[in-house]
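The stops below are given in the order in which to select them.

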Amino acid sequence: MKASTAWTMLIAAGLIDVAWAVSMKLSQGYTRPGWTAASIVTLIAFVWLLGRALTALPVGSAYAVWTGIGAAGTVLLGAVVFGESITAMKLGGVGLIVAGIVVLRGAPA
């Protein structure tokens, strides 16, 4: 697999991780069947994509990027979907996470 394909899969896995976190919240403790099913499907999807990406990328960098995308995206979507507070400090933290992702993406394998 080409590195560019692996990075695309890794980014997709991170974005799906955000969808998983939101669907897990919306499932209300896995008591709502539709959101529970969505949570399970998104979990399977991001684990599969992450596993595929790891065949071509270093595990340390890939895992850090995946969790960074998931963390930053979930903070932002939590504010939009659930009205969670978003402060300058939180935005600064998200900015640092994004900066770390950019640095890891540009680092030599």
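**Stop 1: Gly92 and the model as a whole**

Select Gly92, which sits in helix α4; helices here are DSSP runs of H or I with at least four residues, strands are E runs of at least two, and both are numbered from the N terminus. This is a predicted model, in which local features need pLDDT of at least 70 and side-chain atom pairs count only at pLDDT 80 or more, while totals for chains, interfaces and linings use all residues. Residues are numbered from 1 along each chain as its sequence is written, and side-chain values use heavy atoms, with hydrogens and water left out.

Is Gly92 buried, partly exposed or exposed? Its relative accessibility is 36%, so Gly92 counts as partly exposed (buried is under 20% relative accessible area, exposed over 50%, partly exposed in between, with a 1.4 Å probe and protein chains only).

Zoom out to the protein chain. It has four helices and zero strands, in the order α-α-α-α. The C-alpha trace spans about 45 × 35 × 15 Å along its principal axes. Of the 109 residues, 31% count as buried. The chain exposes about 6,300 Å², and carbon and sulfur atoms supply 74% of that area (Shrake-Rupley method, 1.4 Å probe; for residues, only the protein chains shown count as cover).

**Stop 2: α3 against α4**

Select α3 (59-82) and α4 (residues 88-106). Their axes come within 9 Å and cross at roughly 155 degrees (axes are lines fitted to C-alpha atoms, for helices over the stretch in contact, and angles run from 0 to 180 degrees between N-to-C directions). The two helices are therefore roughly antiparallel (angles over 145 degrees; under 35 is roughly parallel, 65 to 115 roughly perpendicular and the rest oblique). Their crossing is left-handed (the near helix is turned anticlockwise from the far one by less than a right angle; clockwise is right-handed).

Show side chains at this interface. The α3 residues in contact include Ser61, Ala64 and Gly68, and those of α4 include Leu91, Val94 and Ile97 (contact means heavy atoms within 4.5 Å).

**Stop 3: α1 against α3**

Among the contacting residues are Ile11, Gly14 and Val18 of α1, and Ala62, Ile69 and Gly73 of α3.

**Stop 4**

Next, colour the largest nonpolar core, which has 16 residues (buried Ala, Val, Leu, Ile, Met, Phe, Trp, Tyr and Cys joined through side-chain atoms within 4.5 Å). Those with the most contacts inside it are Leu10, Ala13, Leu57, Val65 and Trp66.

**Stop 5: Thr42**

Finish at Thr42 in helix α2. Thr42 is buried because its relative accessible area is 15%. Leaving aside neighbours within four places in sequence, Thr42 contacts Ile16, Ala19, Trp20 and Ser23.
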